[in-house]
Amino acid sequence: MNTIAMAAWLSRNIPAIACDEASGELFRDVQNAVEAIERMINRPIPDRVLGPCPTLVAHHQECATQLTAPRHATEIVCPACDQTHSTEQLTERLFRQMEYRTFTIRELLDVVLPRLEEWVPRSTLYFWVAKKKLTSSSSNAEGEPLYLLSDVRKLRSAQPRTRQTS
């Protein structure tokens, strides 16, 4: 029986269900299922990753506590050293640190570009590789080609912006 048929059956049999001693249990089961579905559909927006805390602490070493903040936050307080930081400055610092690191296509698509909120379609990255616009700078231990984030960002910024039509 599919979910539509089950929902129709439940709606047609409310009086009979209400008379059953297990109706409260059935109600909780249905309510829990609906809440689980809503949680899956309406996923919470994940916090922004802002990188390590740059505050210098003992012996001129960085605090280095990994900082995250809600998307709307403009400031964040490090839980380890209690220093307040601008989320914009931390994001810029993270960009600068990652700019000349290398990543696999999968890492770029699944982790790096989404965290930087810079979207590049999978097909576009593979097109750039096929046309040799994006060239591998090295390879990892598994032999997968590695690409500089700075090269991807340059190609992305050179792309003409297309406007969506209604």
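## How H5 and H6 pack

In this predicted model, the axes of H5 and helix H6 (residues 122–130) come within 10 Å and cross at roughly 145°. Axes here are lines fitted to C-alpha atoms, for helices over the stretch in contact, with angles running from 0 to 180 degrees between N-to-C directions. Helices (H or I, at least four residues) and strands (E, at least two) are DSSP runs, numbered from the N terminus. The crossing of H5 past H6 is right-handed, a label for the near helix being turned clockwise from the far one by less than a right angle.

On the H5 side, Ile105, Leu108, Leu109, Asp110 and Leu113 do the touching, and they meet Arg122, Leu125, Tyr126 and Val129 of H6; contact means heavy atoms within 4.5 Å. Sorted by class, that makes seven nonpolar, no polar and two charged residues. Ala, Val, Leu, Ile, Met, Phe, Trp, Tyr, Cys and Pro count as nonpolar, Asp, Glu, Lys and Arg as charged, and the others, Gly among them, as polar.

## A three-stranded sheet

Next up is an open, antiparallel sheet of three strands, ordered E5-E7-E6. Strands E5 (102–103) and E6 (138–139) sit at the edges, each pairing on one side only. Two strands pair if DSSP finds at least two bridges between them.

E7 (residues 145–148) has two bridges to E6: Pro145 partners Ser139, and Leu146 stands opposite Ser138. E5 and E7 are also joined by two bridges, with Thr102 partnered by Leu148. The hairpin of E6 and E7 leaves five residues between the strands, and Gly143 in the turn has a positive phi of about 85°. Helix H7 (residues 149–158) lies across E5 and E7, at about 60° to E7.

## The second largest pocket

The second largest pocket holds about 180 Å³ of space. On a 1 Å grid over the protein atoms alone, where a 1.4 Å probe fits, a pocket is an open set of points with protein on both sides within 12 Å along at least five of seven lines; lining residues have an atom within 4 Å of a point. Grid points are joined across faces, edges and corners, and the volume is the space filled by probe spheres set on the points.

Among the lining residues are Val49, Gln66, Met98, Phe103 and Arg115. Strand E1 (48–52), helix H4 (87–98) and helix H5 (105–116) each give two or more residues. The lining divides into seven nonpolar, two polar and two charged.

## Ground rules

Residues are numbered from 1 along each chain as its sequence is written, and side-chain values use heavy atoms, leaving out hydrogens and water. Because the model is predicted, local features need pLDDT of at least 70 and side-chain atom pairs count only at pLDDT 80 or more, while totals for chains, interfaces and linings use all residues.
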